[in-house]
Amino acid sequence: MHERLGPAARLRTLMALFALSGFSALIYQSIWTQYLGLVLGHAAHAQTLVLALFMGGMALGAWGASRFALRWRRLVLVYAVAEALIGLAGLGFHAAFQAYSAFSEHTMLPLLGAHAASWAWLSAGALIAPQTVLLGATFPLLAAGLLRGSQRDASEQLGGLYFANSLGSAAGALASTFLLLPWGGLPGALAVAGALNLLVAAGAALAAGPACAARPAKSDATGPAGGGALRRLGLIVMAGTLLSSAASFGYEIGWVRMLNQALGTTLHGFELMLAAFIGGLALGGAWVRHKGASIADPIRYAGMAQLAMGVAALLSIPLLAQSFDAVAWIMSALGRTDPGYVLYRWATALLALAVMLPAAFLAGMTLPLFTAGLLRAGAGERAIGRVYAANTLGAILGVLLTVHALIPTLGVSLTLVACAVLDVLVGVALLRGVSPRRWSATVLLASLAALLVALAVVRVGLPDRAKQATGVFRHGNAVARPDELVFFKDGATATVSVRSDGNTSIISTNGKPDAALRGFEQLPTADEPTMLMLGALPLALHPNPRRVAMVGWGSGLSTHVALASDRIERIDTLEIEPTMHEAARWFMARTARAYQDPRSRVHFDDARRFLASQTEPYDLIISEPSNPWVSGVASLFTQEFYGQARRRLAADGLFVQWIHLYEMSDALLAQMLRALQLEFPHAELYLTNTADLVIAAGTRPLPEPSTTPWALSKLHPELSRVGLATPLDLQLRRLGGSAMLRTFLRMHPGQPHSDFHPTVALQAPSHRFAGRNAAQLKQLVTLGLPLLPTLECRPTLGAGLPTEAALGSELARLHRDAHEAALALTEGQAQPALYVRNTPLAETVAMLAALRRRAIAHDDSALAMQLSYLAGYTLGFLEPPLARRLWDAAAWRAELPDLPPDVQSLLALYEAVARADWTQAQTRAAEVLAAQRYAQAQALREQVMVLGQLAGLAAGDGSAPARWEQQWGKSVQRGSRAVQRDFLRAWADGKEPRCPAP
């Protein structure tokens with residue numbers, strides 16, 4: 001093929017192939033981050049390690065190419081071999097990772113114990129090291145191969161290669177997240193990358209060209225200023241490219257950390273920001289390609305670019321400060337829909353581009369300029385690999401120092417300032433080193449201008465910390481009160497803040513609230529019942545919990561609650577970010593035991609790695625991480641994690657999981673619950689407030705809750721304060737058990753959430769933006785009708801009137817509404833008692849009470865609708881004796897003797913359901929559906945149809961749900977009770993027994 005290609009066509013072909021190589025390389029970087037995140041935990045750790053190892057391996061590969069490979073005569077063919085080896089390694093990576101994970105979890109981590117972290121970091125690095133070394137060799141091999149025998153200017157060809165590779169890399173970053181991961185998961189994305197490398201290898205082999213010896217370096221005599229000057233220039237360039245690269249990657253990390261607080265910490269957001277950064281680098285390479293031949297002194301040009309880069313980076317900081325208001329405006333302008341989220345993604349990508357592009361563009365110029373400057377000065381081909389190695393070593397230095405030294409010490413904003421000042425100093429040093437003259441006016445003015453910009457940014461341009469803590473990406477509100485910010489600190493992996501208005505205190509990570517608490521004498525927040533139940537529920541379900549693992553520190557309240565039990569000997573709380581533990585000290589008045597009890601031990605470690613390193617089993621593992629849409633957190637909601645937790649539990653151990661229903665779809669929730677159910681087949685689901693689930697799960701049937709938590713003097717007052725004064729209050733919050741969970745999963749068939757198919761991380765951010773809610777599990781109860789009490793044979797609780805403190809629970813409020821309504825009607829009260837006043841239910845009760853007193857005349861159709869409304873509020877929430885009193889048809893007929901037959905059939909249906917007379921209920925339901933009066937009353941008809949389906953199942957007829965759908969489904973529109981209809985059919989399809997085992 002090379003014989004048919006001219007020099008220009010060959011150059012274009014190899015540049016196109018190198019663009020494909022960059023495309024696959026960024027797929028590797030993105031996907032390796034996902035894989036190594038499973039080993040290292042927090043996505044920030046994985047991103048840091050992958051970036052450092054990626055660059056470290058590339059530095060080693062570049063150095064090796066400059067030291068050994070360039071002596072070969074057919075370098076493009078050697079490049080093709082390197083690409084082929086990369087592709088083969090990519091195709092085999094998934095299998096190698098699985099084998100490594102099994103060996104690490106089952107053998108090495110338990111063996112190493114406290115030293116497990118070192119093994120994880122070193123072994124994870126070894127997994128990707130071979131490919132990164134080969135990737136590092138590709139640029140010097142191809143660059144030197146193209147330069148041999150070419151008459152083109154070196155800067156033009158090097159800039160073109162850098163542009164092509166960076167452009168491909170930017171596209172690869174986007175494609176990996178937006179196309180390949182949704183299509184094939186992590187293994188599929190790697191397979192595509194590996195196949196592309198093999199394609200590149202084949203194309204490069206065909207376009208390799210004839211053998212060509214290396215151009216010799218100029219001798220001392222022919223060098224422009226002698227060998228000593230060339231060596232001096234080489235040292236200046238190596239130092240300059242190393243420090244420039246370090247500053248550039250410091251920018252990247254700082255920009256990402258700051259933009260995470262404005263845009264949200266999501267997988268999509270990170271890849272968009274990475275693509276924006278690399279896109280800027282690509283444009284810088286394109287500029288050098290276009291202008292290279294006309295640049296008289298590449299090193300001096302690079303020095304001016306460094307000065308400009310420092311100023312551009314400084315000016316990016318005020319832009320970051322305005323990004324919070326920009327995101328608020330974007331969110332206010334867009335509809336909260338899936339198309340709106342697509343627009344939001346691209347709008348925020350443009351925002352990231354505006355922040356990053358100027359400095360990244362200038363950074364993209366430096367590598368080809370440095371390399372071309374050395375080649376023009378007389379250096380040999382080895383200079384290509386050496387400059388590339390220095391550049392990548394600088395990237396490692398920048399990543400490690402930024403993450404582990406600068407950000408924890410200076411914070412994100414001042415880290416950006418420090419990196420910008422470093423770039424300015426590098427530019428000045430380059431200009432002075434290349435031109436050893438006195439200060440020129442241009443250099444002096446540029447340096448003074450950079451200094452003034454830095455002072456102005458530090459003085460007035462830094463982001464407002466109060467705005468950083470608002471979480472604008474969730475609610476579109478960037479309004480902040482600085483006086484409410486009581487804690488703010490940039491940690492190694494996240495920025496943690498605490499806001500307090502004197503009443504409510506909220507701890508947040510990157511602006512996302514993780515917990516909200518109030519003083520003990522105040523009404524609890526909606527979060528507090530969840531945190532209390534996470535600590536108390538397992539104490540009620542496990543007879544003798546000694547060792548406990550708590551995943552996530554949060555406010556520390558759950559750990560504090562669990563430590564109220566003297567039976568617990570030790571709680572290991574696992575928190576990835578030390579700053580969270582530090583910030584949560586603000587809540588010590590409510591969480592003292594978590595900090596002061598000697599049984600409490602906090603480990604700043606990844607939960608998966610820590611659990612794998614334990615040899616003694618736990619009695620309880622309680623998992624309350626952050627929301628699963630947060631980048632890196634979704635791996636704590638996968639089947640692989642649940643399997644690991646199961647293996648670390650004692651035989652009678654319990655796993656307790658928090659998961660939210662807000663900002664989530666039912667289908668996505670089902671993926672996570674399916675993963676849990678496959679490892680823990682027995683479960684109990686509780687709704688703690690209006691949108692938080694606490695799930696207790698085990699490999700054995702769960703016992704009925706004991707009274708243990710209420711016998712603890714340290715705990716009882718706290719439980720009472722959030723409406724959990726008695727064990728009965730706990731049962732009020734129960735949604736259902738294992739059969740309910742299995743049936744819900746049949747309603748949403750699909751694969752369990754897996755480490756290797758991160759659907760939650762990919763889809764949940766759009767659900768959050770659109771404000772979706774996974775409502776179906778809750779609706780099975782909150783829509784009324786006694787589905788679960790009947791099918792599970794758990795009589796409706798005789799809760800009486802729950803206390804005011806319990807009304808933070810949606811289920812408790814519904815029970816209270818039902819009881820007040822029933823008492824108002826059965827005891828002859830004209831108005832309901834307390835809670836339901838001024839609600840539609842109150843109006844219904846008042847009207848029915850007036851009708852029964854014959855204070856007003858009734859309309860038969862309106863009466864039927866009022867009865868239906870009352871039934872929906874009462875049949876599922878009243879204990880049987882009170883339900884029978886309320887729905888005593890004879891009493892209704894005595895007070896309303898002129899009721900038409902179809903209304904009497906409706907009353908008889910409700911009475912039959914209240915009395916659990918399922919044969920009568922089926923008959924009456926059919927009569928009501930056949931009545932012409934209700935042909936247009938679709939809500940009533942759907943309620944009656946559901947009761948008919950339920951009555952058939954309760955009577956032992958598993959075909960009833962399908963048969964009723966076949967007979968009446970076409971005339972009964974799917975409305976608000978569609979979820980109940982689907983549930984009953986799924987229950988029957990699963991052949992769940994009427995009274996299933998727990």
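Modeller: In strand 11, E684 has A696 as its bridge partner. This is a predicted model, in which local features need pLDDT of at least 70 and side-chain atom pairs count only at pLDDT 80 or more, while totals for chains, interfaces and linings use all residues. Residues are numbered from 1 along each chain as its sequence is written, and side-chain values use heavy atoms, with hydrogens and water left out.

Strand 11 covers residues 692–698. Strands (E, at least two residues) and helices (H or I, at least four) are DSSP runs, numbered from the N terminus. Two strands pair if DSSP finds at least two bridges between them.

On one side is strand 10 (residues 682–687), which runs antiparallel to strand 11 and is joined to it by six bridges. A683 has its bridge partner in strand 11 at A697. The link from strand 10 to strand 11 is a hairpin of four residues. Strand 9 (residues 649–660) also pairs with strand 11 in the antiparallel sense, over six bridges. In this pairing, I695 of strand 11 stands opposite Q657.

How much of strand 11 is buried? Seven of its seven residues are, so the strand counts as mostly covered. Here buried means under 20% relative accessible area, exposed means over 50%, and partly exposed lies in between (1.4 Å probe, protein chains only). In a regular strand the side chains alternate between the two faces of the sheet. D692, V694, A696 and G698 point one way from strand 11, whereas L693, I695 and A697 point the other way, and all are buried.

A second open sheet has four strands in the order 1-2-3-4, with antiparallel pairing. Strand 1 (485–490) and strand 4 (512–518) are its edges, each pairing on one side only. Its twist averages 10° from one strand to the next. Strand 1 is joined to strand 2 (residues 495–500) by five bridges, and the two run antiparallel. L485 stands opposite R499 of strand 2.

Now the helices. Helix 35 (residues 938–954) packs against helix 37 (residues 978–989) at an angle of about 15°, and their axes are 10 Å apart. Helix 35 is therefore roughly parallel to helix 37, because angles under 35 degrees count as roughly parallel; over 145 is roughly antiparallel, 65 to 115 roughly perpendicular and the rest oblique. Their crossing is left-handed, a term for a near helix turned anticlockwise from the far one by less than a right angle.

K991 is found in the segment after helix 37. K991 has a positive phi of about 50° although it is not a glycine. Most residues other than glycine have a negative phi. With a relative accessible area of 72%, K991 is exposed.

Aromatic rings come last. Rings of Phe, Tyr and Trp (its six-membered ring) pair if their centres lie within 6.5 Å; planes under 30 degrees apart count as stacked, over 60 as edge-to-face and the rest as tilted. By this rule there are 28 aromatic pairs. One of them is Y341 with F769, a tilted pair at 5.6 Å centre to centre with 50° between the planes. This pair links distant parts of the chain, with Y341 in helix 9 (residues 338–377) and F769 in helix 25 (residues 759–770), 428 residues apart. Y341 is buried, as is F769.

A charge sits over a ring if NZ of Lys or CZ of Arg is within 6 Å of the ring centre and within 35 degrees of the ring normal. R547 has its charged end over the ring of Y618, 4.3 Å from the centre. R721 lies over the face of F520, at 5.5 Å from the ring centre.

How values were computed. Axes fitted to C-alpha atoms, helices over the stretch in contact; angles between N-to-C directions.
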